[in-house]
Amino acid sequence: MAVLEVVKAGHPVLKEVAEPVEHVNKKMRALIEDMADTMYKTEGVGLAAPQVNVSKRIIVVDDHAGSGLIALINPEIIHGEGSHIGLEGCLSVPGYYGDVERFDKVTVKGIDPHNKNVMIKAEGFLARIFQHDIDPLVGHLFIENATNLRRI
């Protein structure tokens, strides 16, 4: 396993729409493992492949509240309800935090690392993480939607 370099805001890959993954193979599973290692080493709760300079639709998340590591390929939010404003930060925008309005609850579909279709219902912090980490797959970072952006 390896800890990958996290690219910072302004890097071109973070403005691209990431490419869908056609089939999860050994190389993709190795990338997922490296992304998880990187997320844990940097004390993050989520990471998208574009943040490690890979233009693929892959995320890893862990809310550290019992869900464990979740890796999703081609994730898509298919339902959201309610809303809540909460504080967010990002590994690609170190030291900056801002308030972002997100759904309270989401349903996310995607493919797991074993090429199985999955559907996950999440609420609260885990729902926020999914939304935050799917954004870079379509070329957005939290700072584009944040209010009260500040350095902490």
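The model is predicted, so local features need pLDDT of at least 70 and side-chain atom pairs count only at pLDDT 80 or more, while totals for chains, interfaces and linings use all residues. Residues are numbered from 1 along each chain as its sequence is written, and side-chain values use heavy atoms, with hydrogens and water left out.

**The sheet**

- Three strands make up an open sheet in the order β4-β5-β8, with antiparallel pairing. Strands here are DSSP runs of E with at least two residues, helices are runs of H or I with at least four, and both are numbered from the N terminus. Two strands pair if DSSP finds at least two bridges between them.
- The edges are β4 and β8 (147-151), each of which pairs on one side only.
- On average, neighbouring strands of this sheet are turned by 20° against each other, direction ignored. Axes are lines fitted to C-alpha atoms, for helices over the stretch in contact, and angles run from 0 to 180 degrees between N-to-C directions.
- Helix α2 packs on the sheet and touches β4 and β5, its direction making about 55° with that of β4. Contact means heavy atoms within 4.5 Å.

**Strand pairings**

- β4 and β5 run antiparallel and are joined by seven bridges; H84 has R102 in β5 as its bridge partner.
- A hairpin of two residues links β4 to β5.
- Three bridges pair β5 with β8, again in the antiparallel sense, and D99 has T147 of β8 as its bridge partner.

**The largest pocket**

- The volume of the largest pocket is about 360 Å³. On a 1 Å grid over the protein atoms alone, a pocket is an open set of points with protein on both sides within 12 Å along at least five of seven lines, a cavity is a set where a 1.4 Å probe fits but cannot get out, and lining residues have an atom within 4 Å of a point. Grid points are joined across faces, edges and corners, and a volume is the space filled by probe spheres set on the points.
- Of its 21 lining residues, V45, E88, G89, C90 and H132 are the closest to the pocket centre.
- β4 (84-90), β5 (93-102) and α2 (124-134) each supply at least two residues of this lining.

**The largest cavity**

- One cavity of 30 Å³ or more turns up in a search of the whole structure, and the largest cavity holds about 40 Å³ of space.
- Its lining consists of Q51, C90, H132, D135, P136, H140, L141 and F142.
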